[in-house]
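Thanks for coming, everyone; please bring up the sequence and the model on your screens, and we will walk through a few places together.

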Amino acid sequence: MSAAASATLSELADLVGGTLRGPGDLRITGVAPLRAAEPGDIAWLSDTRYAARLAETQAAAVLVPASVEKTPQAAIVCASVDHALALVMNHFAPPVPHPPAGVDPTARVAADAVLGADVAVGPYAVVEPGARIGDGTILDAGVYVGADTIVGAHCRFWPYVVVRERCRIGDRVVIHPHAVIGADGFGYYLHQGRHRRVPHIGGVVIGNDVEIGAAACVDRSKTGNTVIDEGAKIDNLVQVAHNVAVGAHSVLCAQVGVAGSARLGKYVVLGGHVGIRDNITLADGVQVAACSCVPQDVEAGVKMAGLPAIEFRQYLREHASLRKLPDVVAQLRELTKRVEELEAAANHPTDG
Amino acid sequence: MSAAASATLSELADLVGGTLRGPGDLRITGVAPLRAAEPGDIAWLSDTRYAARLAETQAAAVLVPASVEKTPQAAIVCASVDHALALVMNHFAPPVPHPPAGVDPTARVAADAVLGADVAVGPYAVVEPGARIGDGTILDAGVYVGADTIVGAHCRFWPYVVVRERCRIGDRVVIHPHAVIGADGFGYYLHQGRHRRVPHIGGVVIGNDVEIGAAACVDRSKTGNTVIDEGAKIDNLVQVAHNVAVGAHSVLCAQVGVAGSARLGKYVVLGGHVGIRDNITLADGVQVAACSCVPQDVEAGVKMAGLPAIEFRQYLREHASLRKLPDVVAQLRELTKRVEELEAAANHPTDG
Amino acid sequence: MSAAASATLSELADLVGGTLRGPGDLRITGVAPLRAAEPGDIAWLSDTRYAARLAETQAAAVLVPASVEKTPQAAIVCASVDHALALVMNHFAPPVPHPPAGVDPTARVAADAVLGADVAVGPYAVVEPGARIGDGTILDAGVYVGADTIVGAHCRFWPYVVVRERCRIGDRVVIHPHAVIGADGFGYYLHQGRHRRVPHIGGVVIGNDVEIGAAACVDRSKTGNTVIDEGAKIDNLVQVAHNVAVGAHSVLCAQVGVAGSARLGKYVVLGGHVGIRDNITLADGVQVAACSCVPQDVEAGVKMAGLPAIEFRQYLREHASLRKLPDVVAQLRELTKRVEELEAAANHPTDG
């Protein structure tokens with residue numbers, strides 16, 4: 001990693017609130033993993049299973065937890081290596097480009113839209129009538145904010161994010177390119193042999209510090225709101241249907257689909273490609289393994305897997321058994337023969 | 001739900017063609033579900049399993065089917081509650097914003113493109129040479145219509161819909177943000193160790209009253225056309241591959257994938273995350289449970305589930321058996337021992 | 001298929017390097033499959049199982065492999081029918097429209113961006129500071145190229161492709177509408193009960209001749225680069241997470257998800273909807289059946305299927321057994337009864 005801004009080890013120790021082990025004036029020019037680090041880089045050890053790599057790395061220094069008492073190179077001992085690493089990476093990271101504060105001359109901002117202080121509106125962005133954008137929020141190229149939608153402060157919407165009318169977005173919300181917030185929910189009823197659209201007159205409410213991935217979709221509700229609570233993190237290509245509630249600090253990995261009116265509690269974690277049935281409830285802390293499909297309510301803290309998803313340990317037992325199933329079929333056939341022979345012998349004891 | 005336009009109960013009964021039960025001059029100011037309704041709202045009871053909620057709601061009135069003979073509050077008795085509800089919701093819904101009729105000064109419409117009466121072309125939209133747009137169609141901000149593509153009347157394309165060249169779209173078609181119609185099909189052949197692209201010189205034909213979700217993709221065909229027949233409804237993030245045919249009034253839920261040249265009949269219903277193999281046929285009325293993968297032809301009206309998908313009742317039986325499989329393995333082991341003992345006894349009867 | 005440019009059969013034989021069988025001056029006006037062909041069309045027979053269709057087609061001529069010794073109509077005998085077909089289709093295909101070379105007056109190209117010879121930049125496209133675009137590359141309407149990103153020669157980015165800052169794209173790369181390259185990876189760590197973002201200071205490197213589908217996402221890495229090697233083909237709505245490596249000439253079908261830091265070898269083939277776990281390695285030539293989920297390393301050339309994925313033949317055996325499982329449960333119950341009877345008889349031989 002080429003350095004954007006070098007620092008002494010002592011300065012980095014101060015930055016992360018860690019304890020210095022080694023020369024404070026050691027100059028660090030970048031950050032990289034143990035196996036990719038070059039001289040001058042600082043590396044990190046989050047998982048002590050990989051401690052052997054400390055002897056092989058070319059890194060000038062490492063971030064380590066207190067449990068690592070000695071290292072072949074200089075170190076900063078950290079209460080949380082993950083947190084320290086984030087701070088160090090942010091220090092060395094090249095700045096993330098964004099449009100400058102102000103409205104690009106090519107952008108289309110409605111006369112009665114309200115922009116806070118230091119809002120940046122990039123080229124070809126559209127802000128419709130009645131929308132409000134909070135202080136310091138960045139709307140990148142081509143972002144579309146619908147009529148009467150309210151966006152909080154210090155948000156970042158990447159290019160071509162679409163948020164339709166009458167949605168409410170909190171503060172510090174990050175939405176990645178091509179995500180779509182507030183499209184009509186997928187609801188129809190059959191009338192005279194044709195599907196008629198159920199009106200979706202509700203909206204979407206997104207809490208503070210939520211992040212929504214590229215090309216993810218969060219549909220507006222029939223009535224009331226589809227809700228993503230504060231701190232939830234949603235990955236690329238995820239579908240959140242109408243009237244869903246995603247609890248605070250939940251994590252939805254890529255390509256998850258949550259069907260209409262499902263309710264997820266706090267700190268729920270859904271692996272990639274997971275499907276959640278409509279109208280069910282996953283209580284706080286439920287975890288679902290990747291590629292599973294959950295068809296019914298799940299109680300707090302339970303870990304699920306499978307298609308349909310069942311409790312994780314039961315899933316492991318069944319799949320271990322499944323590995324034996326072809327043998328079971330063969331053994332049962334053979335055992336049946338042996339029982340037949342025993343029966344024959346019992347019925348004709350003199351033949352035996 | 002705050003009201004956009006209040007109405008008397010009598011006016012609403014007329015609107016939905018229902019029978020009034022209660023004071024016709026009762027003023028209704030909004031519509032909401034039974035449990036969320038506030039005084040002044042009208043609610044609805046579609047599913048009589050929830051009839052107990054009628055006693056608890058604050059709603060001033062309810063839409064009910066004829067089978068509900070008494071309600072604690074005023075009511076409108078409806079032949080179809082779903083249809084009545086849609087009409088009532090549309091009455092109270094705030095108007096859905098759209099660009100005004102005419103071409104936005106920032107839009108790029110080719111000189112030889114043909115726009116019907118009252119077409120609306122939003123900011124930064126692009127209409128390429130030879131394209132034709134029917135009367136009353138709305139192209140929102142950033143919509144891209146490719147060369148020689150024909151779009152019918154009274155369609156609505158939401159922001160950033162892309163329809164590539166030489167496609168044909170019917171009347172009253174709704175396409176949600178970021179959907180992509182007519183991208184090249186995913187077809188290659190190996191030639192000298194490298195994948196070479198199979199040209200896709202066909203197009204996409206979409207019938208009347210089709211709806212296509214946000215970020216959904218319908219690829220153009222190799223020759224001929226990929227076809228979505230009239231009235232089909234396609235949810236967000238669905239993939240419809242080259243040369244697929246989706247029958248009239250079929251429903252494809254979010255994140256479905258239909259592989260190349262598969263053919264779906266009429267009124268087919270695919271749950272979320274379903275995968276359909278290339279070159280197979282699902283006849284009219286086939287239903288597939290969410291997260292299933294269909295590997296072969298399915299006859300009309302059959303309900304399928306699983307990975308690979310099998311007939312639904314068989315699927316239920318197998319999964320019930322699967323729950324017992326760890327026990328089956330243990331029982332078989334134990335039974336084998338008992339048979340061995342019987343065999344030993346039979347071979348050495350004097351030992352018994 | 002209406003013809004864009006007619007040709008004699010002799011000219012087509014020259015074009016594909018095949019052997020003419022029939023009148024060289026036969027005029028061919030289009031190309032279509034055997035069953036859709038009209039008089040004047042040339043059709044093709046790739047798969048000799050469908051040879052019976054040769055007798056029924058209206059095609060004036062066919063492309064056939066050498067193994068087909070006689071045809072009812074004129075023919076061109078080809079070493080590779082697939083390759084010949086691609087050449088013939090390209091001959092008859094209407095030209096694919098694209099913006100003209102030069103920068104559209106509405107496009108926003110930074111003053112210090114560098115454009116090669118004959119680059120085409122369409123309407124409303126954005127090229128940020130420090131970006132470089134190679135000779136002959138086409139950036140369609142609304143394409144966004146981030147700061148310091150380098151794009152090779154003769155690429156085609158379809159409308160609204162987003163490539164964020166500091167990525168590197170090879171030559172002849174095709175990216176379909178709404179694909180997103182270089183969005184932040186989905187990485188967080190829990191700190192004081194809240195998910196904090198892991199900085200993603202790396203980028204994305206895409207090799208020559210790669211193709212990336214509509215609305216597909218390739219995330220940037222934490223450090224180093226997410227890599228798509230030359231010749232890989234990625235379909236619509238695919239998710240490639242941070243720090244993944246996709247080997248040369250691999251094929252990822254629609255809606256595949258590859259989780260963080262997974263490594264795919266060369267010529268890997270993943271069917272639609274497949275999920276690949278984070279941090280695992282699929283060696284060269286691994287193939288995974290559609291809708292499978294791979295949880296662990298796979299050796300070169302192995303074919304996998306299932307949830308979780310296992311070796312394909314084992315998968316077939318297990319699923320054949322699974323079909324019998326309800327019977328197995330019943331048989332085991334019945335066999336247990338028979339053993340009990342034998343045991344009773346053995347214990348009370350005089351009762352028999």
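Predicted model: local features only at pLDDT ≥ 70, side-chain atom pairs only at ≥ 80, totals over all residues.

B:Pro308 sits in the loop between β39 (303–306) and β40 (309–311) of chain B, where strands are DSSP runs of E with at least two residues, helices are runs of H or I with at least four, and both are numbered from the N terminus. Residues are numbered from 1 along each chain as its sequence is written, and chains are lettered from A and ligands numbered from 1 in the order in which they are written.

In chain C, a cis peptide bond joins C:Leu307 and C:Pro308, with omega of about -5°, and C:Pro308 is placed in the loop between β39 (303–306) and β40 (309–311) of chain C. As background, most peptide bonds are trans, and most residues other than glycine have a negative phi.

A:Leu237, although not a glycine, has a positive phi of about 65°, and it lies in the loop between β28 (233–234) and β29 (239–240) of chain A. Is A:Leu237 buried or exposed? A:Leu237 is buried, with 32 other C-beta atoms within 10 Å; buried means 20 or more such atoms within that distance, exposed 12 or fewer, and partly exposed in between, with C-beta atoms placed from the backbone. A:His273 also is not a glycine and has a positive phi, of about 70°, in the loop between β34 (269–270) and β35 (275–276) of chain A, and A:His273 counts as buried with 30 C-beta neighbours inside 10 Å.

A:Leu237 is also one of the contacts of A:Ala216, which, leaving aside neighbours within four places in sequence, include A:Ala179 and A:Ile234; contact here means C-beta atoms, placed from the backbone, within 7 Å.

Finally, let us turn to chains B and C. The contact takes 55 residues from chain C and 54 residues from chain B. On the side of chain C that touches chain B, the elements giving two or more residues are α2 (81–92) and α3 (312–347) of chain C, and α3(C) gives the most, with twelve residues.

Conventions. Contact = placed C-beta atoms within 7 Å.
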